[in-house]
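Please open the structure in your viewer and keep the selection tool at hand, for this tour moves from one selection to the next.

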Amino acid sequence: MHLPKPLFQALAKKGDCMRNYTNGEHYLLLYSPIFKRRYTVDCDIVMGCSIGCQFCYYRWVAGASEYFGTGKLYPLCSPEELAEILETSRIVRKDKDGIMMCARSDGSIQLNKVEAFLRAFRYYNLIFLLHRGYFDRRQLEAFEADKRVIFCTTLTPAGKQLGWTPIDEYKQLEGISFLVQNGVSPRRISVEVGPINENNINQAVDILQKLQDIGLEFATYRGVSVGMFEMPSPENELINKGFLTTQKPNAEDHAYYHIKNFLTPELQAKLCGAVNKMRLHRFTGTLYRDEFGLDIAYNRKNRRRKELGPFPEADLSAIRQYVANLGYPVEKVEKTSEGYLVTLDPTSPAVTEDVAMTVGAEFNTCVVFNKYKIAPDMEDVKLYAKQKIIALSEVE
Ligand code: SF4
């Protein structure tokens, strides 16, 4: 298989690769079609978009920033190669896992490429297709017939007014209404409303009510997030725009997020009281499990995620075998009150969040590890390539 990323080697030959990425997480983000697995497998054909939301994480990732809001696109792979990469990668459970497309981009600029990917991909995985632009006849005609496709978008309340995004959320609502009126089941439309803080809470309530009036059955709401990866986020600019207010940086041992999904309890209560028929999700775990019937890991950041409720039973020896087959030798597996605890063999590397969430999803339960890290370093990426956890042939 030809993988399209000779950049690692090309840059390494020039001797300046370390200037271009700092660790495995950064490497995957910049160069790999599949860049992470959480509740879904997140992947792209191209990186970049022409929209340029002020709060976009990728604008603060060194090596990525020039592709967001400029219309300059970085090709990651061809549509057919993406299908092959997904089929080859063991982190992708065929016919089971949700696949998220266009997170490092936007569906509106690559409709033909996504169509070509759908023709090439043989499995019945749900494809969550992110589209920040306005839905119209083109998306309807391209994707309605393929029942794997879920029409996904994010509506930012007062986003244009506040200068956070050039996209008009009321025109987005018209696009969603157009899909429903033309026969797309509301169950195939997944909308996230956010980012939300004190400055757009009233508009967020209005948006949720309008989504309910259109006939949507569920939506997700999000607080404020700020990313950073070797590039400072423009905090003063974000404060001036009313984006950063009371949020405090999250203490995560993760280079990527500085602030993640922050929402005060008062704002959350207001949102929950906004609608009476539509189901609202604060976190995506319940969204994927309850609305789309996907298997999900009940573990996150190597802890049981309590909002998901009690974790289902699983077979200890099957967990042991599955983890070992992924390339992490196991000493023992035991059930605890906080999930199935896997003690890895002393010779085993620590598992990453990508792997931990794959194992949790495979057994639809909570699996935690004695050795764990939230993000991969380059040694993990090499193991991903060797074990085909993520298909990457260029890492040496
Ligand atoms: S549309 Fe998506 S990828 Fe483009 S700038 Fe906005 S958040 Fe980022």
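Begin by selecting alanine 219 and leucine 280, which stand opposite each other, the leucine lying in strand 12. The model you are looking at is a predicted one.

Now widen the view to the whole sheet, an open one in which eight strands follow the order 1-2-5-6-7-8-9-12 with mixed pairing. Strand 1 (34-37) and strand 12 (279-281) each have a single partner strand and stand at the edges, so one side of each is left without a neighbour in the sheet. If direction is ignored, neighbouring strands of this sheet are turned against each other by 25° on average.

Next, select residues 24-31, which make up helix 3, and ask how many of its residues are buried. The helix is mostly covered, with eight of its eight residues buried, among them Glu25, His26 and Tyr31.

Then turn to the ligand and select the residues that surround it, including Cys49, Cys53, Cys56, Tyr58, Asp106 and Arg132. Sorted by class, this shell has six nonpolar, three polar and two charged residues.

Finally, show the entire chain, which has 14 helices and 19 strands and whose C-alpha atoms fill a box of roughly 55 × 50 × 45 Å along the principal axes. Of its 396 residues, 45% are buried. The radius of gyration of the chain is 21 Å, which agrees with the value near 21 Å that a compact globule of 396 residues would have.

Methods: Residues are numbered from 1 along each chain as its sequence is written. This is a predicted model: local features need pLDDT of at least 70, side-chain atom pairs count only at pLDDT 80 or more; totals for chains, interfaces and linings use all residues. A residue is near a molecule or strand if its C-beta atom, placed from the backbone, lies within 6 Å of it. Ala, Val, Leu, Ile, Met, Phe, Trp, Tyr, Cys and Pro count as nonpolar, Asp, Glu, Lys and Arg as charged, and the others, Gly among them, as polar. A residue is buried if 20 or more other C-beta atoms lie within 10 Å of its own, exposed if 12 or fewer, and partly exposed in between; C-beta atoms are placed from the backbone. Helices (H or I, at least four residues) and strands (E, at least two) are DSSP runs, numbered from the N terminus. Two strands pair if DSSP finds at least two bridges between them. Axes are lines fitted to C-alpha atoms, for helices over the stretch in contact, and angles run from 0 to 180 degrees between N-to-C directions. The radius of gyration is taken over C-alpha atoms; the globule rule is 2.2 Å times the number of residues to the power 0.38.
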